[in-house]
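Let's take a walk through this model together, starting with one local detail and then stepping back to the whole chain. Keep the structure open beside you as you read.

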Amino acid sequence: PETRREFALNDPDALKKDKPARLTDDDPRCGISGLQKLDGEDLNSKARTKYQQEQMREWTKSQINERNAADMNQKHADLLYEMKARELDQRACELAAAEEECRRQINMATKNFNLAQQREKDEQEAMKRQQQQDDNYTELSNHIYGDMLTENPAVAQSAFGAHRVITDRWKGMSPEQLADIRNRQEQQRQEKERLEMEERLRNEEWDKQRVDADRAAVILERREERLKKELERKQAHENLRLGAEQKAHMDFMDKEVYTNEPTAQYFMQFNKSSR
């Protein structure tokens, strides 16, 4: 019976009632040697899948709510932007109209000012032309009736002496002054001819001296050439004499001194012992 103390040892359903060898993937009883956990097994797959589905559903709801809120915010922002754009357009139209009116007023004021300036300029130019015309008439009268065109010689006399004239009033020299200038020019011409004659004579003298010096140099050069040729001739004769003496000496040495020539028997007597 089940009330017996040792019933647990003989209970036929003991294995069914016993605690499984492995409850979860993180069961501390599952050691390496128990072989209760193998690669690829997943005991919590159903619970994890259900949790992931719940989490995905919550995420989807959250994204839908965020998307709806973003759409509402975007619509509100678009409405505000459109209202602001209309306000700016209206304001721009008002500013453009005000600017156009201001530009028209400025152009009108500028036109009136330019017309006034032009009238004043025309009046000043007319007065200037009249003044210039009067000055021209006065200047013509002064030139026609003045001492300049009438060629009055007295106006050229300087107050600093009779030998000085006023250049802007001077009309030319007198015949006496012209004759004196011609005489001085003739004297200068004669002096120049005299100096040129002296220069020509000096040049001829220098040319003669150069020719004489060149002739003497040529004579000296020819003399040196003859001396050089004579010296070379004597040197050649001396060389021939010395060559003949050397040849006679060599013949004497070969025929009279070096008469006993060594034979092969003479050279074979060497290197025959260790000494």
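**A pair on one helix**

Arg-202 and Glu-199 sit about one helical turn from each other, because they are 3 residues apart in helix α5 (residues 175-257). Helices here (H or I, at least four residues) and strands (E, at least two) are DSSP runs, numbered from the N terminus. Before going further, note that this is a predicted model, where local features need pLDDT of at least 70, side-chain atom pairs count only at pLDDT 80 or more, and totals for chains, interfaces and linings use all residues. Residues are numbered from 1 along each chain as its sequence is written, and side-chain values use heavy atoms, with hydrogens and water left out.

Back to that pair: the side chains of Arg-202 and Glu-199 meet in a salt bridge, 2.5 Å from N to O. The term stands for a side-chain nitrogen of Lys or Arg within 4 Å of a carboxyl oxygen of Asp or Glu. Arg-202 is partly exposed at 42% relative accessible area, and Glu-199 is partly exposed too, at 37%. On this scale, buried is under 20% relative accessible area, exposed is over 50%, and partly exposed is in between (1.4 Å probe, protein chains only).

Further along helix α5 you can find another such pair. Asp-212 forms a salt bridge with Arg-215, with the closest N and O atoms 3.1 Å apart. These two are 3 residues apart in helix α5, so about one helical turn separates them. Asp-212 has a relative accessible area of 37%, so it counts as partly exposed, and Arg-215 is partly exposed at 48%. Elsewhere, salt bridges with shared partners tie Glu-99, Glu-100 and Arg-103 into one network.

**Over to helix α3**

Arg-86 and Glu-82 both lie in helix α3, 4 residues apart, or about one turn of the helix. Their side chains meet in a salt bridge at 2.7 Å, N to O. Arg-86 counts as exposed, at 57% relative accessibility, while Glu-82 is partly exposed at 38%.

Glu-120 lies in helix α3 and is partly exposed, with a relative accessible area of 42%.

Ile-144 is found in helix α3 (residues 45-145) and is exposed, at 51% relative accessible area.

**Stepping back**

How many helices and strands does the protein chain have? The tally is 6 helices and 0 strands, which read along the sequence as α-α-α-α-α-α. Of its 275 residues, 4% count as buried. The accessible surface of the protein chain is about 26,400 Å², with 54% of that belonging to carbon and sulfur atoms. Take the contacts (heavy atoms within 4.5 Å) in the protein chain with a separation of 6 or more: residues 24 or more positions apart account for 0% of them.

Terms used: Accessible areas come from the Shrake-Rupley method with a 1.4 Å probe; for residues, only the protein chains shown count as cover.
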